[in-house]
Amino acid sequence: MTGPTAAVAPTAATAAAPVAEAAAGVTVLVAAAGPDARRTVRGLLLDAAADTLGVPRAGLRIAREPGGRPVLEGAGPPVAEGADRPLHIALSHGRDTVAAALTRLGPVGVDVEHVRPLPTAALARRWFDPAEAEWLARQPGPEQPTAFLRLWVQKEALGKALGTGLRGGGMRRRVLPPGTPPTGLLAPLPARPDLALCLPQAPPGLCLAVGVWSPGAAGAPATVVVPGTPPSPTRT
């Protein structure tokens, strides 16, 4: 899903960013897409991964598992603290904004969407769990696009963490309870404690979600970084 440009500062595809949080939580980089969204997000991720691993960016590349999950290759012997745990990565790109996530917690997913007018009731009835669709219909009209997209990005992020995307009824997977406010701490799903989600505080006009597939992820922070600005504080 794509929409009008939100307030994200432009950045070059090779912009470096602080990613020390990747060892203890999830680092999420958000940037304007520029003329080539795929190139921008891959550049952001490779710069951040090289910084985290302490290796030259030229030796890294992004490959894909058979199911489509991105994986980092070419790092050689990792030298960063906690190197016994691999660095997991995730990407999200649209026409105007991109996001990349890095963590050692476990397989990760990220999704970002612009808040914009949408036929939320019809979309929710078609794609969401009935209880979610009913909750959404009760929300005030002006709040429905944000409420809808907060559910949508969670489902996308969860599918990416699982490595399945939205295949197999992914849009009907239950996520955090409807109405969960933005927070930078990962919370376990009631029916799947090995899966954790959060809605980190995103730049204005965006909805952002992070998912991690690991029983040890609950309570870990997700830190949002817009290259060229200070990292956003983790909010409980």
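How many of the 19 residues of helix H4 are buried? In this predicted model, the count is 16, and H4 is accordingly described as mostly covered. The helix comprises residues 144-162, and its end C-alpha atoms are 27 Å apart, which agrees with the 27 Å that its 19 residues should span at 1.5 Å a residue. Gly-163 follows H4 and has a positive phi, near 80°.

The aromatic residues may be considered next. A search of the whole structure finds two aromatic pairs. A pair of aromatic rings is described by the distance of the centres and the angle of the planes. Phe-128 and Phe-148 form a stacked pair, with 4.9 Å from centre to centre and 20° between the planes. Because Phe-128 lies in the loop between H2 and helix H3 (130-137) while Phe-148 belongs to helix H4, this pair ties together parts that are 20 residues apart in sequence. Phe-148 also pairs with Trp-152; this pair is tilted, at 5.7 Å centre to centre and 35° between the planes. Both Phe-148 and Trp-152 lie in helix H4, four residues apart, or about one turn of the helix.

Buried means under 20% relative accessible area, so Phe-128 at 1% counts as buried, as does Trp-152 at 10%. Phe-148 is buried, at 0%. Lys-155 lies over the face of Phe-128, 5.0 Å from the ring centre.

Finally, Ala-124 lies in helix H2 (residues 120-127) and is buried, with a relative accessible area of 1%. Beyond its sequence neighbours up to four places away, Ala-124 touches Ala-133, Leu-136 and Phe-148. Ala-124 and Trp-152 are 28 residues apart in sequence and 9.3 Å apart in space, C-alpha to C-alpha.

Note on methods. Residues numbered from 1 in each chain as written. Predicted model: local features only at pLDDT ≥ 70, side-chain atom pairs only at ≥ 80, totals over all residues. Heavy atoms only, no water. Helix = DSSP H or I, 4+ residues; strand = E, 2+ residues; numbered from the N terminus. Buried < 20%, exposed > 50% of the residue type's maximum accessible area, 1.4 Å probe, protein only. Contact = heavy atoms within 4.5 Å. Expected span 1.5 Å × (residues − 1). Phe/Tyr/Trp six-rings, centres within 6.5 Å; stacked < 30°, edge-to-face > 60°. Lys NZ or Arg CZ within 6 Å of the ring centre and 35° of its normal.
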